[in-house]
Amino acid sequence: MEKEIEKKKLRILCLHGFRGSAEILKKLIFRWPESIIGKLDLVFLDGPFPAQGKSPLEGFFDPPYFEWFQSNKDFTEFYNFEECLEYIEDFMLKNGPFDGVLGFSQGAVLGAAIPGMQRDGVALTKVPKIKFVIIISGAKFGGRTYGIPKLAANAFSSTINCPSLHFLGEADFQRKEGEILLECFVDPQVIHHSKGHTIPKLDDSNVEIMLGFIEKIQQL
């Protein structure tokens with residue numbers, strides 16, 4: 001019975017970056033080795049809103065492009081954030097249950113706030129609490145760059161007791177934001193890489209970290 005439990009793939013909802021798409025994120029994640037991908041049941045979701053401007057991915061990946069929510073240029077006011085969470089909750093109800101959430105960039109900012117919002121009972125209340133988050137090039141609502149949407153007002157008011165794995169890129173313009181986010185979680189694990197604001201390929205040492213994290217979750 002224990003072997004069967006250990007072999008159960010972790011079902012993960014994957015949230016793409018700003019003006020990206022499920023298909024683009026899937027292509028990048030599936031560059032990871034089979035030793036990792038084979039242990040995960042990855043489900044990729046497009047954001048609810050078509051991109052409202054030029055995507056930074058144009059010329060590298062084909063459209064269409066999507067976004068999860070909108071904000072003003074200063075990131076102090078947010079629009080459609082509640083609608084975004086309702087959209088995600090509806091998808092999770094129909095396609096879950098999900099064990100965890102993986103997010104990149106805008107998807108990581110959103111994903112990092114989900115455990116706190118679920119804890120406070122303000123969002124995703126119709127689905128089970130997620131058991132872990134994987135944050136790639138993430139940032140904190142209420143950190144140095146982003147203001148706070150109303151629903152996420154208290155998401156980081158106390159330390160989040162949810163296992164987390166954070167990717168920090170040496171050349172990532174959002175690196176400092178990612179480091180601030182580490183302080184919000186009880187026992188964050190970190191994968192360091194030399195790249196920028198992207199989903200890196202994994203070297204042997206980072207594969208070990210990731211496999212260790214997966215094993216820890218499977219044993220919970």
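**Values and definitions**

Trainee: What makes Gln70 part of strand S5?

Mentor: Gln70 is found in strand S5, which covers residues 70–71, and strands here are DSSP runs of type E with at least two residues, while helices are runs of type H or I with at least four, both numbered from the N terminus. Please keep in mind that this is a predicted model, in which local features need pLDDT of at least 70, side-chain atom pairs count only at pLDDT 80 or more, and totals for chains, interfaces and linings use all residues. Residues are numbered from 1 along each chain as its sequence is written, and side-chain values use heavy atoms, with hydrogens and water left out.

Trainee: Why is Gln70 called buried, and which residues is Gln70 in contact with beyond its neighbours within four places in sequence?

Mentor: The relative accessibility of Gln70 is 9%, and buried means under 20% relative accessible area, exposed means over 50%, and partly exposed lies in between, using a 1.4 Å probe and protein chains only; therefore Gln70 counts as buried. Contact means heavy atoms within 4.5 Å, and, with those neighbours left aside, Gln70 is in contact with Phe49, Gln52, Glu77, Phe78, Tyr79 and Asn80. Between the C-alpha atoms of Gln70 and Leu110, which are 40 residues apart in sequence, the distance is 12 Å.

Trainee: How do you know whether Ile136 is buried or exposed?

Mentor: Ile136, found in strand S8, has a relative accessibility of 0%, and so it counts as buried. Apart from neighbours within four places in sequence, Ile136 is in contact with residues including Ile29, Trp32, Leu102, Phe104, Ala108, Phe167 and Ile199. Ser105 is also one of the contacts of Ile136.

Trainee: Which peptide bonds are cis, and what is the omega of the one joining Pro63 and Pro64?

Mentor: A cis bond joins Pro63 and Pro64, with omega about 5 degrees, and Pro64 is found in the loop between strand S3 (49–50) and strand S4 (66–67). Another cis bond joins Gly96 and Pro97, where omega is about 5 degrees, and Pro97 lies in the loop between helix H4 (81–95) and strand S7 (100–104).

Trainee: Why is Gly142 called partly exposed?

Mentor: Its relative accessible area is 37%, so Gly142 is partly exposed. Gly142 is found in the loop between strand S8 (132–136) and strand S9 (164–169), and, leaving aside neighbours within four places in sequence, Gly142 is in contact with Gly147 and Ile148. Pro33, in the loop between helix H2 (22–29) and helix H3 (34–37), is described as partly exposed because its relative accessibility is 28%. The C-alpha atoms of Pro33 and Asp203 are 170 residues apart along the chain and are separated by 9.6 Å.

Trainee: What makes the radius of gyration agree with a compact globule?

Mentor: The radius is taken over C-alpha atoms, and the globule rule is 2.2 Å times the number of residues to the power 0.38; with 220 residues, a compact globule would have a radius near 17 Å, and the protein chain has 16 Å, which agrees. The chain has seven helices and 10 strands, and 51% of its 220 residues count as buried.

Trainee: How do you know which residues the "domain: Serine hydrolase" annotation covers?

Mentor: That comes from an unreviewed UniProt entry, where the annotation covers residues 8–205; UniProt positions are given in the numbering used here, feature names are shortened, and annotations may be inferred rather than shown by experiment. In the model, the end C-alpha atoms of residues 8–205 lie 24 Å apart, and the span is 26% helix and 21% strand.
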